[in-house]
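Please look through the sequence and the structure shown here before reading on. The report that follows takes up a few parts of the fold in turn.

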Amino acid sequence: MQSPALTATGLGKTFTMHLRGGIELPVVANARFSLHSGTCAVLGGPSGAGKSSILKMLYGNYGASAGKIVVLHRGGRVALATADP
């Protein structure tokens with residue numbers, strides 16, 4: 001079987017509430033999944049579970065606080081969480 005086109009491991013996101021004394025809100029912790037090219041997946045869960053935050057980390061609107069996002073691109077692997085814009 002071929003390698004996944006997208007892999008997320010140990011993915012986490014924490015928001016810091018600067019106007020509330022620096023309180024940190026963990027919204028995603030240790031998310032992990034992989035997807036092969038041509039597959040369809042559902043990101044499900046209750047409101048507030050972190051689904052939108054995961055998607056925003058995948059397309060780069062949010063930086064990941066922890067973990068790795070690796071995508072297959074032009075025959076190579078790109079680590080999205082640490083890649084240059």
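His73 has Gly76 as its bridge partner in β4. This pair belongs to a predicted model, in which β3 and strand β4 (residues 76–79) run antiparallel and are joined by four bridges. Another of the pairings between these strands links Leu72 to Arg77, the latter being its bridge partner in β4.

The two strands form a hairpin with two residues between them, and Arg74, which lies in the turn, has a positive phi of about 50°.

## Pairing of β1 with β3

On its other pairing described here, β3 meets β1 in the antiparallel sense, over five bridges.

Helix α1, which spans residues 51–58, has Ser53, Ile54 and Met57 as its buried residues. Seen down the axis of α1, these buried residues fall within an arc of 100°, so they line one face of the helix.

The buried residues of α1 pack against β1, against β2 (23–35) and against β3 (66–73). After the helix comes Gly60, whose phi is positive, near 95°.

Lys13 is found in strand β1, which covers residues 6–17.

A polar atom of the Lys13 side chain does, however, lie 3.0 Å from the backbone oxygen of Gly63. Leaving aside residues up to four places away in sequence, Lys13 touches Leu25, Pro26, Val27 and Val28, together with Met57, Tyr62, Gly63 and Ser65. Met57 in this list is also one of the buried residues of α1, and Gly63 is the residue whose backbone oxygen lies 3.0 Å from the polar atom of the Lys13 side chain.

Definitions and conventions: Residues numbered from 1 in each chain as written. Predicted model: local features only at pLDDT ≥ 70, side-chain atom pairs only at ≥ 80, totals over all residues. Heavy atoms only, no water. Polar contact = N/O pair within 3.5 Å; in protein donor to acceptor, adjacent residues only side chain to side chain. Contact = heavy atoms within 4.5 Å. Buried < 20%, exposed > 50% of the residue type's maximum accessible area, 1.4 Å probe, protein only. Arc of directions from axis to C-beta. Pairing = 2+ DSSP bridges.
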